[in-house]
Amino acid sequence: MQATPFLMFQGDAQEALILWKRAFPDHIEVAELERHSGGEAQGKLSSARFTLGGTEWQVFDSPIPHAFTFTPATSIFVDCEDEAQLRHAAKVLGEGGKVMMPLDGYEFAALFTWLSDVHGVSWQLSLPFPEPD
């Protein structure tokens, strides 16, 4: 058995994947990409499988409108390697999005922010405290 996180979009999956690759340029690897073969969405991304931080994800771009979208109650939590990586990802993902917890130090992390990107996907970006020597 294998479980894969699945995110459904309504016309902007390709743009979301491009944004995420900008936010994590060395950490997203696209394994599979399918495009719509006909209709209004012809040539646009239909679905993709990618790996982020060792986890495989699947995105799907639904040609059928739905009355629901993403909620911050479900988020992608990323433990960043260093402050520069966290700040870069927060800047890229925050463009046009919404900040729910500002980038700052908190009692549970050296640096942390919780935001949703322009596509409505929620991200928690964390820089853990350094391990004691």
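Biologist: How do you know that β3 and β4 pair, and in which sense do they run?

Modeller: Two strands pair if DSSP finds at least two bridges between them. β3 and β4 have six bridges, so they count as paired, and the sense is antiparallel. Do keep in mind that this is a predicted model, where local features need pLDDT of at least 70, side-chain atom pairs count only at pLDDT 80 or more, and totals for chains, interfaces and linings use all residues. Residues are numbered from 1 along each chain as its sequence is written, and side-chain values use heavy atoms, with hydrogens and water left out.

Biologist: What lies between β3 and β4 in their hairpin?

Modeller: Two residues, and in that hairpin G53 takes a positive phi near 60°. L52 stands opposite T55 in β4.

Biologist: Which sheet are β3 and β4 part of, and what is the strand order?

Modeller: They belong to an open sheet of four strands, in the order β1-β4-β3-β2, with mixed pairing. β1 and β2 (28-35) stand at the edges with a single partner strand each, so one side of each has no neighbour in the sheet. Neighbouring strands are turned by 15° against each other on average, direction ignored.

Biologist: Why is V59 called buried?

Modeller: Buried means under 20% relative accessible area, exposed is over 50%, and partly exposed is in between (1.4 Å probe, protein chains only). V59 has 0% relative accessibility, so it counts as buried.

Biologist: What does V59 touch, leaving out residues up to four places away in sequence?

Modeller: Contact means heavy atoms within 4.5 Å. By that rule V59 touches L7, F9, W20, L45, S46, S47, A48 and F50. The C-alpha atoms of V59 and S46 are separated by 8.3 Å, although the two are 13 residues apart along the chain.

Biologist: What makes β3 largely enclosed?

Modeller: Six of its eight residues are buried, so β3 is largely enclosed by the rest of the structure. For the protein chain as a whole, 35% of the 133 residues count as buried.

Biologist: Which strands does α1 lie across?

Modeller: α1 lies across β1, β2, β3 and β4, running at about 165° to β2. Such angles run from 0 to 180 degrees between N-to-C directions, with axes fitted to C-alpha atoms, for helices over the stretch in contact.

Biologist: What makes a set of residues a nonpolar core, and which members touch the most others in the largest one?

Modeller: A nonpolar core is a set of buried Ala, Val, Leu, Ile, Met, Phe, Trp, Tyr and Cys residues joined through side-chain atoms within 4.5 Å. The largest has 30 residues, and W20, F24, L93, W123 and L125 touch the most other members. α1 gives the most to this core, with six residues. Leaving aside neighbours within four places in sequence, F24 is in contact with L52, V78, A89, L93, W123 and L125.

Biologist: What is the strand order in the sheet that holds β5?

Modeller: That open sheet of four strands has the order β5-β8-β7-β6, and the pairing is mixed. β5 (75-79) and β6 (98-106) are at the edges, each with a single partner strand, so one side of each is left without a neighbour in the sheet. Between β6 and β7 there are five bridges, and the two run antiparallel. A hairpin of two residues joins them, and Y106 has A109 as its bridge partner in β7.
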